[in-house]
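Dear colleague,

Here is the structure I promised to pass on, with my notes below it. Please read them with the model open beside you.

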Amino acid sequence: GHASNEKIITDSVVYGGFYTQEEVREIVAYAKARHITIVPEIEMPGHAMAAISAYPFLSCTGKQIEVEKTWGVFEDVFCTKDSVFDFMENVLTEVMELFPGTYIHVGGDECPKIKWTQCPVCQGRIKELELKNEEELQSYFIHRIEKFLNQHHRKLIGWDEILQGGLDPNATVMSWQGEEGGIAAAKQGNYV
């Protein structure tokens, strides 16, 4: 159930699993043979509870947290310290090796900024870069990841929240909250 539901019902059944790299290659080849390009999504900087529970250093607090048993929007998000970007670049490098398409989706949606307002590293980053607020910090996060993807001849796609704080003209926006985000992105020259 969704975390905002007052009567959360969980079934205590473990879900998940993973695909091996070979299985991913088989799926990509199967899709390609049918003229389909698979666009992987590696969600950041929010919707990161599973990653943070496995690798606590990715968060602002560095504290161990439990994997969420519900779905929704949660306050723990990726920190803006350099070690997080190093980690994400390693993840994206592996993703790019497995998915040969042009686009890599980074999500960018539903990222609460509360932990960033309390984090000395994130607040230091805001001062260092002379940013106005945490919205611009998210923009910095997305820009930094986009620069990395562009260096590898890939293009970034994100949900319409990546418009918050400013967006590079090379990014593509997927508008899930209505037409407004798509219209705003198109007016500033982004693909939608």
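Arginine 144 forms a salt bridge with aspartate 82, the closest N and O atoms lying 3.0 Å apart, where a salt bridge means a side-chain nitrogen of Lys or Arg within 4 Å of a carboxyl oxygen of Asp or Glu. Because arginine 144 sits in helix α6 and aspartate 82 in helix α3, this pair ties together parts of the chain that are 62 residues apart in sequence. Helices here are DSSP runs of H or I with at least four residues, strands are runs of E with at least two, and both are numbered from the N terminus.

Before going further, please note that this is a predicted model, in which local features need pLDDT of at least 70 and side-chain atom pairs count only at pLDDT 80 or more, while totals for chains, interfaces and linings use all residues. Residues are numbered from 1 along each chain as its sequence is written, and side-chain values use heavy atoms, with hydrogens and water left out.

Aspartate 82 also meets the side chain of arginine 125 in a salt bridge, again given as 3.0 Å from N to O. This second pair links distant parts of the chain as well, with arginine 125 in helix α5 (residues 120-128) and aspartate 82 in helix α3 (residues 82-98), 43 residues apart. Arginine 125 in turn forms a salt bridge with glutamate 128 at 4.0 Å, N to O, and these two residues both lie in helix α5, three residues apart, or about one turn of the helix.

Arginine 125 is buried at 8%, arginine 144 is partly exposed at 22%, aspartate 82 is partly exposed at 41%, and glutamate 128 is exposed at 54%.

Turning to the sheet, four strands form an open sheet in the order β1-β2-β3-β4 with parallel pairing, two strands being paired if DSSP finds at least two bridges between them. The edge strands, each pairing on one side only, are β1 (41-44) and β4 (172-174). Strand β2 (residues 103-107) and strand β3 (residues 155-159) pair over three bridges, and the bridge partner of isoleucine 104 in β3 is leucine 156. Helix α6 (residues 134-151), which carries arginine 144, lies across β1, β2 and β3 and runs at about 150° to β3; axes are lines fitted to C-alpha atoms, for helices over the stretch in contact (heavy atoms within 4.5 Å), and angles run from 0 to 180 degrees between N-to-C directions.

In strand β4, threonine 172 is buried, with a relative accessible area of 8%. Not counting residues up to four places away in sequence, threonine 172 touches Tyr103, Leu156, Ile157, Gly158, Ile162, Tyr191 and Val192.

Finally, some backbone details deserve a look. The peptide bond from methionine 44 to proline 45 is cis, with omega near -5°, and proline 45 is found in the loop between β1 and α2 (49-54). Histidine 47 lies in the loop between β1 and α2 and has a positive phi of about 50° although it is not a glycine.

Note on methods: Buried < 20%, exposed > 50% of the residue type's maximum accessible area, 1.4 Å probe, protein only.
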